[in-house]
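Work through these exercises with the structure in view. Try each task before reading its solution.

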Amino acid sequence: MKRQSETSGTPGGERPTGDANAAGSAKRILVVDDDRSVRQMLARVLVGEGYAVQVAADGAEAVEMAAASRFDLVLLDLNMPLKSGWDTFEALTSRNPLMPIIVITARPNQVFTALGSGVGALLEKPLDFPKLVQTVSNLIAEPVALRLARMAGRPAQFHYLPPQQTEKADGTP
């Protein structure tokens, strides 16, 4: 049985859904993206997988929410107004350095920055949802020792998913 979730924390009418008590046992994920449709889509996919999801429309809101509540993982867009994704990453990890963070972006050339920062994964848009779900699951289950190794620049698994290839009408990528 899939667990219910909640989505809240953004302007524009996004409200909690599901039973808060049922969501209490689910792993909690914070989705941070300035595009409301992306937030909703990611939340819908993750709720369908049994995660409790909250959403933030910008980095400042994400930092505020993370200060008030514990999350098991953050999906973080880089291109946001007010507080950039990398500034948000710094603020989140200064408070909780072991929290797994997946950077999701359409911004090119972020692989080396992500590797150097200790990010758990870099997923480029458009997203491959089955791989996203698998990456979320892998990072939530990842032992703390591997997170520490990645943060210290020692050998550790880094998940990099380039943009999903779309096929042309003739079936070629």
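**Exercise 1.** Over which residues does pLDDT stay under 50, and how many contacts beyond four places in sequence does the model have for them?

*Solution.* This is a predicted model, in which local features need pLDDT of at least 70, side-chain atom pairs count only at pLDDT 80 or more, and totals for chains, interfaces and linings use all residues. Residues are numbered from 1 along each chain as its sequence is written, and side-chain values use heavy atoms, with hydrogens and water left out.
- Start with the score: pLDDT is the predictor's confidence in each residue, from 0 to 100.
- It stays under 50 over residues 1-13. The model has 53 contacts (heavy atoms within 4.5 Å) for this stretch beyond four places in sequence.
- Residues 15-23 are also below 50, with 16 contacts beyond near neighbours in sequence.
- Now take the chain: its mean pLDDT is 81, and 77% of its residues reach 70 or more.

**Exercise 2.** Find the largest nonpolar core and say which elements supply it.

*Solution.*
- Define the core: a set of buried Ala, Val, Leu, Ile, Met, Phe, Trp, Tyr and Cys residues joined through side-chain atoms within 4.5 Å. Buried means under 20% relative accessible area, with a 1.4 Å probe and protein chains only.
- The largest core has 21 residues. Leu 30, Val 32, Val 74, Leu 76 and Trp 86 have the most contacts inside it.
- Assign the elements, which are DSSP runs numbered from the N terminus: helices (H or I, at least four residues) and strands (E, at least two). β1 (28-32), α3 (59-68), β3 (73-77), α4 (85-95) and β4 (101-105) each supply at least two core residues.
- Helix α4 gives the largest share, four residues.
- Another core lies apart, with 20 residues, including Val 31 and Ile 140.

**Exercise 3.** Why does Phe 89 count as buried, and what does Phe 89 touch?

*Solution.*
- Locate Phe 89: it sits in helix α4.
- Phe 89 counts as buried because its relative accessibility is 7%.
- Beyond four places in sequence, Phe 89 contacts Leu 76, Ile 101, Ser 117 and Val 119.
- Leu 76 in turn touches Phe 89, with Val 32 and Ile 104 also among its partners.
- Compare two distances for Phe 89 and Val 74: 15 residues in sequence, 9.4 Å in space, C-alpha to C-alpha.

**Exercise 4.** Which residues meet where α2 and α6 are in contact?

*Solution.*
- From α2 come Met 41, Leu 42, Val 45 and Leu 46.
- From α6 come Phe 129, Leu 132, Val 133 and Val 136.

How values were computed: Buried < 20%, exposed > 50% of the residue type's maximum accessible area, 1.4 Å probe, protein only.
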